[in-house]
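Hello,

Here is the structure we talked about handing over. Please look at the model first, then read the notes.

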Amino acid sequence: MNLRRAASILLDFMRIEAIACSFAFSLIGCLAITNYARLPFIPRYDFVFLFCLVFQGLLIWRKIETWRDIAVISVFHVVGVMLEWYKVNAGSWSYPEFTYLKFFGVPLYGGFMYAAIASYMIAAWKLFDLRFIRWPTGWVVGSLMVLVYGQFFIPLQALAVRFAVLAILCAVFSRCWVEFTVSKERLGMPAPVALLLIGFFVWLAENIATYFGAWTYPTQVGGWQPVHLSKVVSWTMLMVVSLTIIQTYKSSRWALNRVPEPQVETV
């Protein structure tokens, strides 16, 4: 492959990624704009929630997402909000601004941050024609999902536990590859690398979101500070939960889409 062809593939990859991230980019854009242009008649967090509802409706209207996709994305709302309730009340982070639509310390728009990840993964699955090779069997990946999600309810001081779980994930997925299509080229990479890359870019988005006041970590109360790099580990592990939910949906007969669905090969 010559340099020109490699550059063409990279540009096309970035283009597809940008399309898949449309929900996430729009959410961050809304947070940025409302951070500087305060609204006189509605609390900022409530406006962001309404914006997310409208944008989600736009994706359905444009047939970018289906109602079946929305049902799966709703699972991310539930999973995310439950984690938010625990973490906020444990003091891991907070939403400092006033809002009417707030329950147990978490504004309703908080679930859409997890939904944005789900929206990205569903879109990327279609646009890249993803295929997972040697995906772990159902009971193995199901047990991992419970383990990963459960450890998020352990106090942050137990960082060693988080790294131990990450090591287990790397061992289980060590033989798993993800294949994708860019510019009519079929490419692939190890699944742990793909998960780590997604986790890293979510961490970057988290830094941008906290800079614009989406939520606040204790270290950011006196002024914005970069989110600790260890959060990359947390997001990488959360991608396992996210990917398992999406993979289960895509592998089911319920996932009826007009485009051919990617395949998953299990060991």
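This is a predicted model: local features need pLDDT of at least 70, side-chain atom pairs count only at pLDDT 80 or more; totals for chains, interfaces and linings use all residues.

Residues are numbered from 1 along each chain as its sequence is written, and side-chain values use heavy atoms, with hydrogens and water left out.

**Overall fold**

The protein chain has nine helices and six strands. These are DSSP runs numbered from the N terminus (helices H or I, at least four residues; strands E, at least two). Along the principal axes, the C-alpha atoms fill a box of roughly 50 × 45 × 40 Å.

Of the 267 residues, 48% count as buried. Buried means under 20% relative accessible area, exposed over 50%, and partly exposed in between (1.4 Å probe, protein chains only). Among contacts (heavy atoms within 4.5 Å) with a separation of 6 or more, 73% join residues 24 or more positions apart.

**The cavity**

The count comes to one cavity of 30 Å³ or more. A cavity here is a set of points on a 1 Å grid over the protein atoms alone where a 1.4 Å probe fits but cannot get out; lining residues have an atom within 4 Å of a point. The largest cavity holds about 80 Å³. Volume is the space filled by probe spheres set on the points, with points joined across faces, edges and corners.

Its lining includes Phe76, Tyr114, Tyr149 and Ile245. Helices H4 (67-89), H5 (110-127) and H9 (231-251) each supply at least two lining residues. The lining divides into nine nonpolar, two polar and no charged residues. Ala, Val, Leu, Ile, Met, Phe, Trp, Tyr, Cys and Pro count as nonpolar, Asp, Glu, Lys and Arg as charged, and the others, Gly among them, as polar.

Ser119 sits in helix H5. Ser119 is buried, at 4% relative accessible area. Leaving out residues up to four places away in sequence, Ser119 touches Ala20, Phe23, Leu59, Glu65 and Ile73.

Ser8 is in helix H1 (residues 3-20). Ser8 is partly exposed, at 32% relative accessibility. Its C-alpha lies 7.8 Å from that of Ser183, 175 residues apart along the chain.

Best regards

How values were computed: On a 1 Å grid over the protein atoms alone, a cavity is a set of points where a 1.4 Å probe fits but cannot get out, and a pocket is an open set with protein on both sides within 12 Å along at least five of seven lines; lining residues have an atom within 4 Å of a point.
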